[in-house]
Amino acid sequence: AGPVKPLLDRLPTQSDLIILDAPAVLVAADAAVLAPLAGAVFLVARANATTVGELQETGRRLATSGVQPRGVILNGMSARDLRYGVGTPYGRYVLPG
């Protein structure tokens, strides 16, 4: 984290919310280095692209840095992808749009 830590220590006096964006944990070390400095960590996963195995491995790698992600943000999903009741006796519901 080197020179980033003093900056992150100063920023809360100037901002209400600070969002750190880093490359994927599985392709670069940046996120694993920055994660322990953050107040909360969320994983970002792309719908129909990120696998459960990738999320699990990301969680394992962050755990070695002492970080427990608070949740997953799912992006790249359209309202048309949302379905309720598919394959059940209740029928199917698709959001308009």
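Predicted model: local features only at pLDDT ≥ 70, side-chain atom pairs only at ≥ 80, totals over all residues.

Me: With which residues does Glu57 form salt bridges?

Reply: The general idea is that side chains of opposite charge can pair when their charged atoms come close. In this structure, Glu57 is linked with Arg60 and Arg61 in a network of salt bridges. The closest N and O atoms of Arg60 and Glu57 are 3.1 Å apart, and those of Arg61 and Glu57 are 3.0 Å apart.

Me: Where do Arg61 and Glu57 lie, and how many residues apart are they?

Reply: Both belong to helix 3, with a spacing of four residues, about one turn of the helix. Arg60 and Glu57 are three residues apart in helix 3, so about one helical turn separates this pair as well. As for accessibility, Arg60 is partly exposed at 48%, and Arg61 is partly exposed at 36%.

Me: How many salt bridges does a search of the whole structure find?

Reply: The search finds three. One of them joins the side chains of Lys5 and Asp9, at 3.3 Å from N to O. Because Lys5 and Asp9 are four residues apart in helix 1, about one helical turn lies between them. Lys5 is partly exposed, its relative accessible area being 39%.

Me: What share of the residues counts as buried, and what does the accessible surface come to?

Reply: Of the 97 residues, 15% count as buried. The accessible surface is about 7,300 Å², and carbon and sulfur atoms hold 56% of that surface.

Me: Is Thr58 buried or exposed, and which residues does it contact?

Reply: The cut-off for buried is under 20% relative accessible area. Thr58 has 10%, so it is buried. This residue lies in helix 3, which spans residues 52-63. Once neighbours within four places in sequence are left aside, Thr58 is in contact with Val25, Leu26 and Leu43.

Me: What share of the contacts in the whole protein joins residues 24 or more positions apart?

Reply: Among contacts with a separation of 6 or more, 60% are between residues 24 or more positions apart.

Me: What is the volume of the largest pocket, and which residues lie nearest its centre?

Reply: The general idea is that rolling a probe the size of a water molecule over the atoms shows where empty space is left. In this model, the largest pocket has a volume of about 980 Å³. Its lining consists of 32 residues, and those nearest the centre are Leu20, Asp21, Ala22, Val41 and Phe42.

Me: Which element gives the most to the lining of the largest pocket?

Reply: Helix 3 does, with four residues. At least two lining residues come from each of helix 1 (4-10), helix 2 (30-34), strand 1 (42-46) and helix 3.

Me: Which residues make a nonpolar surface patch?

Reply: Phe42, Val44 and Ile73 make a patch of about 290 Å². Ile73 is in strand 2, residues 71-75, and is partly exposed at 42% relative accessibility.

Me: Where is the place of Pro23, and which residues does it contact?

Reply: Pro23 is found in the loop between helix 1 and helix 2. It is partly exposed, with a relative accessible area of 38%. Apart from neighbours within four places in sequence, its contacts are Ala28, Asp30 and Ala31.

Me: What is the phi of Asn48, and is this residue buried or exposed?

Reply: Asn48 has a positive phi of about 60°, although it is not a glycine. It sits in the loop between strand 1 and helix 3. Its relative accessible area is 77%, so Asn48 is exposed.

Definitions and conventions:
Residues numbered from 1 in each chain as written. Heavy atoms only, no water. Patch = residues over 30% accessible without salt bridge, like charges linked within 9 Å, V, L, I, M, F, W, Y side chains within 5 Å. Areas by Shrake-Rupley, 256 points an atom, 1.4 Å probe, with all protein chains shown as cover. Salt bridge = Lys/Arg side-chain N within 4 Å of Asp/Glu carboxyl O. Buried < 20%, exposed > 50% of the residue type's maximum accessible area, 1.4 Å probe, protein only. Contact = heavy atoms within 4.5 Å. 1 Å grid on protein atoms, 1.4 Å probe; cavity = no way out; pocket = protein on both sides within 12 Å on 5 of 7 lines; lining within 4 Å. Points joined across faces, edges and corners; volume = space filled by probe spheres on them.
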